[in-house]
Amino acid sequence: MAKELQESNGPLVLCSEPGALTIEAAAAPADGKTPLPRFSMVAYTGGEMRLGGWRYPVVVDLQGLAIPSQSRPIRFGHDPSSGVGHTDSIRVMDGKLVAAGVVSRDTAAAKEVVASAKNGFPWQASIGASVDQYEFVKENQSVLVNGREFTGPVNVVRKSTLGEISFVDLGADGNTTATVAASATSKEKEPMAEKDKQDPSAVASAKAEVTAPDPSGNASGQDPVAEMRAKAAAETTRIDAVRKATGGRHPDIEAKAIAEGWDVAKTELEVLRAERPKAPAVIERKNETAPQVFEAVGLMAAGVSNSRLQAHYQAPVLEAADKLRGVGIQEFCELACGRQLPRFRRDATGWLQAAFSTTSLPGILSNLANKLLLEGYNYVEDSWRQVVKIASVNDFKEHTRYRMTGAFKFEQVGPDGELKHGKLDEQKFGQKADTHGIMFALTRQMIINDDMGAFTDIPRQIGMGAAESIADAVWTLWLSNPVQSDGKAFFSTDHKNYLDGADSVLSVDGLTAAEVQFGSQTKPNGRPLGIPATLLLVPTALRVPADMLMKSPVLNELTTANKPKPSTNPHVGKYTVVSSVYLSNASFTGYSSKAYYLLADPNRLPTFEVAFLNGVDQPTVERTDADFNTLGISFRGFIDFGVREQDYRGALKVKGEA
């Protein structure tokens, strides 16, 4: 594991990026008691965060965020002694973490939050989470998280557990705002304008009204937090003045002014300096020979979309690259080298030696190949990531996994005070990583044909091949139903993890039978396994029926006799549906368009495991010396991984037919 990933030993604290945070009065209860104020917030927007203890930015993968319950504590500044309330709704929506709840604590912090909101203070939100699994994305490599692409160096938290959410006055991002329009005296909310009727997770411009009664109950106006309110109001006034001074034209100046407490005069001075006429565009000329420009030219030749290019490079780089759009390989190499090269057709060897003796061209081509390889790698379906455990090994040796399965139930202590020893029974599972790779080259023929697109298409295809090699390995092993050390097939009635018959078809009753069978698994000591199923894995032909079973509260039940039509769906929301085209592909032994699987969380009880050498789960590109028989420059793409079955009790296969 890279050193950068080991720098944080405590819980992960993430301050929200720009989002909305609203507080409003709850409807008056029938018993006439004072209603509790409600709040809603975008607790995390899914972007990069700069956090203490981490050398590089951190992105939390919301798909891997475990939410233990919908009721989580709400605090002030992550202080356990400063409670504010609790949530009653937490969900991931559009790549963001959205929460809502009530201010239910009778503390000074709770009173301060509501009182300051009435005064217009722009509260922000922050989450506290424990890190369970993370990876480091190297410089110039890209990764897709929360529906967005990030370029390394960056730390991606793949698995985490939500602890608490806090109100904070200033997050890690100085631009973060949460507008709250207070109305402290009204008993009922005024109708919202049509333009303000938004989801609670709307952007930072969303408004709400604070209509809760004064939590302190102090009718005299002598609020014990009056001084804090005044400071909050003054800070809000200053921030508004700073924003007016920048006029939305200088976000960097605005963020720095808010974070460092600048007054309006200093802000206006910095704006004037920034808007002074610049010297002639010397920088643009420099960018025309920058390595990033040539990388962008190569990506343009590969057909990468403008939106993806804009995510990787700044506007001056793209403008310079656009002027070189359509150049051939020979001109591309000469421009990248910054010097005249020998005529290629007359002296091919001399041309190659001159071109690759520079320090710039090999690096540019390697970076270009790496970006295109990763792009191709992300094209291929990777649903296997959701149903297997992803692990790391530090060498190519055979590794043994141990799972303790003995009895550790607490026993009553006898009169002598002696505690009994727990019994350790261990199950062994193997794992081993191997290298998978392929060579490709910038050949003499490509250079003579002067076709830049021919070269850029190769690493993309290799990236797709790398992704396919992992998917093929996972699903080949999965569908082959390998025989275990006890002589039984992995999915079998002997292992109590296989069902068949006409009544096993994916339906309300079929899924009920599968659920009962999964729950019958036991530990070696005969006690219940006690680990529930959380995933429903289906082929593409069953994706729609599976989604209906998980999302429709009422179903038109036509397959089961003596049932009312329509009938209540008892399985709604139970499992996360995962679909893969590989399950029903005829090129795999054991394929089926009707079979489906119930699975436990692979991190709690892994059925299959994919291990990567040193945790690197993306292919690597390296430049190598060409073979004597190849007149050109060679590259190699490789990835190190292994796939192995683990505990058969973590999955149940349902044939779905007789």
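Here are a few questions with their answers.

This is a predicted model, where local features need pLDDT of at least 70, side-chain atom pairs count only at pLDDT 80 or more, and totals for chains, interfaces and linings use all residues. Residues are numbered from 1 along each chain as its sequence is written, and side-chain values use heavy atoms, with hydrogens and water left out.

Q: How is helix 6 oriented to helix 8?
A: Take residues 291-301 for helix 6 and 315-323 for helix 8: their axes come within 8 Å and cross at roughly 60°. Axes here are lines fitted to C-alpha atoms over the stretch in contact, with angles running from 0 to 180 degrees between N-to-C directions. That angle makes helix 6 oblique to helix 8.

Q: Which residues of helix 8 does helix 6 meet?
A: Contact means heavy atoms within 4.5 Å. From helix 6, Q292, V293, A296, V297 and M300 take part, and in helix 8 they meet V317, L318, A320, A321 and D322.

Q: Is E295 buried or exposed?
A: E295 sits in helix 6. Buried means under 20% relative accessible area and exposed means over 50%, with a 1.4 Å probe and protein chains only. Because its relative accessibility is 5%, E295 counts as buried.

Q: Which residues is E295 in contact with?
A: Leave aside the neighbours of E295 within four places in sequence. The contacts of E295 are then Y313, I364, N367, L368 and K371.

Q: Which residue follows helix 3?
A: Helix 3 covers residues 251-260, and its buried residues include I253 and I258. Next comes a residue with a positive phi, near 75°: G261.

Notes. Helix = DSSP H or I, 4+ residues; strand = E, 2+ residues; numbered from the N terminus. Parallel < 35°, antiparallel > 145°, perpendicular 65-115°, else oblique.
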